[in-house]
Amino acid sequence: MKKIAFVFLTAAAFFSCSQNSNSNQYLQSQIDSLQSQINNAYKPGLGEFMSDIQVHHEKLWFAGTAQNWRLADFEIHEIMEAVDDIKTYASDRPEVKNLVMLQPAIDSVNNSIQQKNVVSFERNFLTLTNTCNNCHQSVNYNFNKIKIPDTPPFSNQVFKIDSAK
Ligand code: HEC
């Protein structure tokens, strides 16, 4: 009887061990597959965030000079969000440490928008634009020059809306 009990217990222990290692193997394979999904997930690069900032920088000018302050407020916040996203998603790029230089210029434009002051808006927008170029120069991208835009970027958006003041 003792012998039978021993055999039974040994078999039970063996079975539960192999059950454990089976489920460990299963969990490991799930982790590996999730890890590879994370590694291969699409992540926008710094250049894509910059192209996004470029569009908002351009719209910001036409919104502010048209004194469409609600749109200008929207556009400056889009730039702020893109800057935050760069810090999160492009932190592997060494240039990102220079991004701090943009913050005072963004804050100044934002102040002009909140004060609905078109003269200070234009002045601070120029400083913002110069800061874009200062950073491009500091990271050897001086071939990439930003300027105050001449024409609105899109023909299907109205910038001057009287009710938006
Ligand atoms: C960290 C410093 C830094 C600041 C500040 C900065 N940029 Fe850039 N910018 C870069 C770098 C680095 C690249 C190159 C990205 C790449 O490798 O794709 C770039 C690329 C660009 C591009 C090129 C995209 C293209 O395909 O033509 C544009 C446009 C651009 N920036 C606009 C701006 C504007 C507008 C501002 C200011 C509101 C600005 N950048 C501020 C570093 C900066």
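Good morning, colleagues. Please keep in mind that we are looking at a predicted model.

I begin with the metal. Which residues coordinate the iron atom of the ligand? They are M50, through its SD atom, and H136, through NE2, at 2.1 to 2.4 Å. The geometry of the site is octahedral, and the angles among the six donor atoms run from 85 to 179°. M50 belongs to helix 2, residues 46–65, while H136 belongs to helix 5, residues 118–138, so the pair ties together parts that lie 86 residues apart in sequence.

Let me turn to the accessibility of these two residues. M50 has a relative accessibility of 30% and therefore counts as partly exposed. For H136 the value is 13%, and because buried means under 20%, H136 counts as buried.

I now move on to the charged side chains. How many salt bridges does the structure hold? There are two.

One of them joins the side chains of R93 and E95, with an N to O distance of 2.9 Å. R93, at 29% relative accessibility, counts as partly exposed. E95, in contrast, is buried, its relative accessible area being 18%.

The salt bridge between K147 and D150 has its closest N and O atoms 2.9 Å apart. Is D150 buried or exposed? With a relative accessibility of 64%, D150 counts as exposed.

To summarise, M50 and H136 coordinate the iron atom of the ligand in an octahedral site, and the structure holds two salt bridges, R93 with E95 and K147 with D150. Thank you for your attention.

Conventions
Residues are numbered from 1 along each chain as its sequence is written. This is a predicted model: local features need pLDDT of at least 70, side-chain atom pairs count only at pLDDT 80 or more; totals for chains, interfaces and linings use all residues. Side-chain values use heavy atoms; hydrogens and water are left out. Donors are N, O and S atoms within 2.8 Å of the metal (3.2 Å for Na, K and Ca); water is not among the atoms, so sites may look incomplete. Four donors count as tetrahedral if all angles lie between 85 and 135 degrees; four count as square planar and six as octahedral if opposite donors are over 155 degrees apart and all others between 65 and 115; anything else is irregular. Helices (H or I, at least four residues) and strands (E, at least two) are DSSP runs, numbered from the N terminus. Buried means under 20% relative accessible area, exposed over 50%, partly exposed in between (1.4 Å probe, protein chains only). A salt bridge is a side-chain nitrogen of Lys or Arg within 4 Å of a carboxyl oxygen of Asp or Glu.
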